[in-house]
Amino acid sequence: METTDVFANSSVVDLKVKLENASNIVLTGHRSPDGDAIGSCLALWNHLKESGIHSSVVMPDEFPNFLNWMPGQDEIVLHSSSPNQAEGLLLTADILFCLDYNASSRVGEMQSVLESSNAFKVMIDHHQQPDDFVDLMISDEKSCSTSEMIYRLLEIWGEHGNISANTASCLYCGIMTDSGSFRFPSVTPRTHKITASLLETGIDHSSIHTKVYDNNREGQLKLVGYAITEKLQVFPKYKTAIISLSANELNRFGYEKGDTEGLVNRALSVEGVNFAAFLNESGDRVKISFRSVGKFS
């Protein structure tokens, strides 16, 4: 396996030639896809399409309704609802992108098919401790988002000046959501320079923020209120805060995917807390989200 922590690498440049000669390119994101997973996949999908290169986007399952405005979202193939189509694309792929995840287990029920695919696999991701399951790993844990890394990829290819408003809106959403609206420590001057370049394409950044953060259902707001007033536990001795929600509690408020987005950050915002966790029951598993501030890993 070839590994690089930077984009100025001959394999990254050669990847563009591989894409131009490929007949079946598939872009994938992780299970329970968020703004960065959808944003990075659709950004690359839009850019390739506008360059005359066909590709397909395959996701393990549904994404939140507040992301259903992104250009190309209606072209996404969901494994949860169309398993045969999704698996067929994975198995016949020439090049398979793994975006915003660094372990094959993160794609849930798609894992075995993804692993058995003979495609040239490319990882672009910013999370720590990547697994060795791809042919080309582009991993940078210092980046605030995978969407930022997609911009840098296009920059290395010399195509950042040709980014359309459709591509830019997807990249902006991914960067915005994964950076906590540009407030996390992982945001750098480069992040803001990239964002400025995206704004120059004419996208309406205020509208994107509104679509993502200011489009709440009544039940969603009541669920958040209940989680904070009834389920928030703070442990001052350990500088820790925890919120947990059972399936019954979620159902009581008519839960829809994405309703609990950002709840772990609410717990982290408690004065004196430097570590927070959010646990929620989901089918036959419990999903846990961790966040920390400062030097606490």
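Which residues of strand β7 (residues 136–139) point one way, and which the other way?

**Figure 1. The predicted protein chain as a whole.** This is a predicted model, in which local features need pLDDT of at least 70, side-chain atom pairs count only at pLDDT 80 or more, and totals for chains, interfaces and linings use all residues. Residues are numbered from 1 along each chain as its sequence is written, and side-chain values use heavy atoms, without hydrogens and water. The protein chain holds 11 helices and 11 strands (DSSP runs numbered from the N terminus: helices are H or I with at least four residues, strands are E with at least two). Its radius of gyration, taken over C-alpha atoms, is 19 Å, close to the 19 Å that the globule rule (2.2 Å times the number of residues to the power 0.38) gives for 297 residues, so the chain is as compact as a globular protein of that length. The C-alpha trace spans about 55 × 45 × 35 Å along its principal axes.

**Figure 2. The two faces of strand β7.** Leu-136 and Ile-138 point one way, whereas Met-137 and Ser-139 point the other way. In a regular strand, side chains alternate between the two faces of the sheet. All four of these residues are buried (under 20% relative accessible area, with a 1.4 Å probe and protein chains only). Buried residues make up 52% of the 297 residues in the protein chain.

**Figure 3. The pairing of strands β6 and β7.** Strand β6 (residues 120–125) runs parallel to β7, and 4 bridges join the two (strands pair if DSSP finds at least two bridges between them). Within this pair, Ile-124 stands opposite Ile-138 of β7.

Technical notes
Buried < 20%, exposed > 50% of the residue type's maximum accessible area, 1.4 Å probe, protein only.
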